[in-house]
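These are my notebook entries on a single protein chain. I went from the overall fold to one helix, then to single residues and charged pairs.

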Amino acid sequence: MVMDGFVAVTLLRHGLTEKNSRNAYIGWTDDSLSWEGQSALAAVSLPKPAALFTSGMLRTNETASLLFPGLKQRVIDDLKEYHFGSWEGHTYVELKDDREYQLWLENMEDHAPPGGESLQVFKKRVMNGWKRVRESLLDEEAETAAIVSHGGPIRQLLTLLSGDGRPYWEWTISPGAGYELIWTKDSFRRGEPCTSLRAVPATARLNG
């Protein structure tokens, strides 16, 4: 429960999919949760938020429905995962000898996969999505929200909003888990980093 005068936003990664299990790149591929992913989410219990956002992808919508049944889902498509372009569905082992893939690994910020997006473009998109969420919460004076998204967007939001100082690649988020960020209402209105951070569900580890 959040005390009066505070805003709490929970960032949650979707549950496990079959392609997650075989370490394939799935950004804009609209994959459903696997049986294993659905089963793991059944054991997770979280407080019902005042507002619920998803990226609109099947795996985030299904996760939101399992964690918060009956709650209206608002789609913010800027919170979709990184777009891997023509590498969607492929694994590192399948791509490691591709020169274009090697160049991307050397400079993801500026180099995009064929038909995909660079990390720089991706990060800007995600922050646009966060801006829409924040404006909605301020307009409605909502004190609690959950965002069911993906590993990449959550990593970007934590890098800029946590105040933790941890670089982008040092955040790891397990399927079906995430972090709760808490602000005072004034600091949230001013767009400052959060004042408190904790892993959710409570059994999750702060390093993922």
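Entry 1: terms and model. I take helices to be DSSP runs of type H or I with at least four residues, numbered from the N terminus. I note at the outset that this is a predicted model.

Entry 2: overall fold. I counted the secondary structure and found eight helices and six strands in the protein. Along the sequence I read the order as β-α-α-β-α-β-α-α-α-β-α-β-α-β. The radius of gyration is 17 Å, close to the 17 Å that the globule rule gives for 208 residues, so the protein is as compact as a globular protein of that length. I looked up the extent along the principal axes, and the C-alpha atoms fill a box of roughly 55 × 35 × 30 Å.

Entry 3: burial and contacts overall. Of the 208 residues, 50% are buried. I then took the contacts between residues at least 6 apart in sequence, and 66% of these join residues at least 24 apart. The accessible surface comes to about 10,200 Å², and carbon and sulfur atoms account for 51% of that surface.

Entry 4: helix H3. Which residues of helix H3 are buried? In this helix, which spans residues 58-67, I found Arg59, Thr60, Thr63, Ala64 and Leu67 to be buried. They lie on the same side of H3, because they cover an arc of only 130° around the axis. I next asked what covers the buried residues of H3. The cover includes strand S1 (6-13), helix H2 (35-41), strand S2 (51-54) and strand S4 (144-149).

Entry 5: a nonpolar surface patch. I recorded a nonpolar patch on the surface formed by Tyr92, Val93 and Leu105, with about 300 Å² of accessible area together. Leu105 belongs to helix H5, residues 99-106. I class Leu105 as partly exposed because its relative accessibility is 39%. From C-alpha to C-alpha, Ala40 and Leu105 are 32 Å apart in space, and they are 65 residues apart in sequence.

Entry 6: two buried residues. Setting aside neighbours within four places in sequence, I listed the contacts of Gln156 as Lys123, Val126, Met127 and Tyr168. I then turned to Thr91, which sits in the loop between S3 and helix H4 (92-95). Thr91 counts as buried because its relative accessibility is 13%, under the 20% cut-off. With neighbours within four places again left out, Thr91 is in contact with Arg22, Asn23, Ala24 and Tyr25.

Entry 7: salt bridges. How many salt bridges does the structure hold? I found 14. In general, side chains of opposite charge can pair when their charged atoms come close.

Arg22, already noted as a contact of Thr91, forms a salt bridge with Glu18, and their closest N and O atoms are 3.2 Å apart. Arg22 is partly exposed at a relative accessible area of 37%, and Glu18 is partly exposed at 43%.

Arg74 forms a salt bridge with Glu140, with 2.8 Å between the closest N and O atoms. This pair links distant parts of the chain: Arg74 is in strand S3 (residues 74-75) and Glu140 in helix H6 (residues 119-140), 66 residues apart. I recorded both partners as partly exposed, Arg74 at 23% relative accessibility and Glu140 at 43%.

Glu143 forms a salt bridge with Lys185, and the closest N and O atoms are 2.9 Å apart. Glu143 lies in the loop between H6 and S4, while Lys185 is in helix H8 (residues 185-189), so the pair ties together parts that are 42 residues apart in sequence. Glu143 is partly exposed at 26% relative accessibility, and Lys185 is partly exposed at 28%.

Terms used. Residues numbered from 1 in each chain as written. Predicted model: local features only at pLDDT ≥ 70, side-chain atom pairs only at ≥ 80, totals over all residues. Heavy atoms only, no water. Patch = residues over 30% accessible without salt bridge, like charges linked within 9 Å, V, L, I, M, F, W, Y side chains within 5 Å. Areas by Shrake-Rupley, 256 points an atom, 1.4 Å probe, with all protein chains shown as cover. Salt bridge = Lys/Arg side-chain N within 4 Å of Asp/Glu carboxyl O. Buried < 20%, exposed > 50% of the residue type's maximum accessible area, 1.4 Å probe, protein only. Arc of directions from axis to C-beta. Contact = heavy atoms within 4.5 Å. Rg over C-alpha atoms; globule rule 2.2 N^0.38 Å.
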